[in-house]
Amino acid sequence: MTKTAAPRMQDPTELLPGMAEVSASLFRAVGNRSVPRTTISLVHLRAGQIVGSTYLTVLHSSSLRKAGESEERITAVASWQDAPYFTEAERAALALVEAVWQPSSSGGERVPDELYARAAEHYDDTALATLVAAIGQIGFFIPFAVIGKPVPVSSLAHQQWS
């Protein structure tokens with residue numbers, strides 16, 4: 001039996017004055033072009049997969065498709081560690097988002113010095129700050145996606161909240 005998709009909550013930008021402005025500021029900060037937009041979308045897709053958000057997974061998979069990414073790369077984000085489709089810089093970015101959003105299997109630091117050093121080999125200071133902001137940006141939206149359950153959409157231009 002298929003359920004009709006309906007969000008649990010009303011559009012938060014209608015409920016919380018200033019939220020649209022915060023969201024727009026995050027998009028501007030992360031869109032500074034120091035990190036390729038594709039890399040940021042890969043990071044956002046992986047975060048959506050980690051937290052189990054259909055909304056974020058559909059949204060970021062669709063944005064990658066629209067940007068011309070192959071189905072192989074999009075599908076392989078979930079298993080990027082052994083997939084041949086990603087650059088070393090993309091791998092470092094994906095490792096960072098996983099380190100932030102998944103507990104350490106060893107019980108140690110989430111982002112060990114070795115991981116930071118690996119990322120710093122591929123990204124300068126501005127780009128690293130941008131990656132951190134991109135991880136924070138998706139973190140800002142995760143509670144609304146997981147709790148509010150907006151309707152999965154392929155573009156933010158589509159209706160997602162009732």
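Modeller: Of the 162 residues of the protein, 41% count as buried. Keep in mind that this is a predicted model. The accessible surface comes to about 9000 Å². Carbon and sulfur atoms hold 56% of that surface.

Now the fold. The protein has eight helices and zero strands. From the N terminus on, the elements run α-α-α-α-α-α-α-α. The radius of gyration is 16 Å, close to the 15 Å that the globule rule gives for 162 residues, so the protein is as compact as a globular protein of that length. Its C-alpha atoms fill a box of roughly 45 × 40 × 35 Å along the principal axes.

Charges come next. The protein has 13 positive and 16 negative charges.

Where does Gly 18 lie? Gly 18 sits in the loop between helix H1 and helix H2. Helix H1 spans 12-15, and helix H2 spans 19-30. Is Gly 18 buried, exposed or partly exposed? The relative accessible area of Gly 18 is 40%. Buried means under 20% and exposed means over 50%, so a value in between counts as partly exposed. Gly 18 is therefore partly exposed.

Gly 18 and Arg 110 are 92 residues apart in sequence. In space, their C-alpha atoms are 32 Å apart.

Note on methods
Residues are numbered from 1 along each chain as its sequence is written. This is a predicted model: local features need pLDDT of at least 70, side-chain atom pairs count only at pLDDT 80 or more; totals for chains, interfaces and linings use all residues. Side-chain values use heavy atoms; hydrogens and water are left out. Helices (H or I, at least four residues) and strands (E, at least two) are DSSP runs, numbered from the N terminus. The radius of gyration is taken over C-alpha atoms; the globule rule is 2.2 Å times the number of residues to the power 0.38. Buried means under 20% relative accessible area, exposed over 50%, partly exposed in between (1.4 Å probe, protein chains only). Accessible areas come from the Shrake-Rupley method with a 1.4 Å probe; for residues, only the protein chains shown count as cover. Lys and Arg count as positive and Asp and Glu as negative; His and the chain ends are not counted. The place of a charge is taken as NZ of Lys, CZ of Arg, CG of Asp or CD of Glu.
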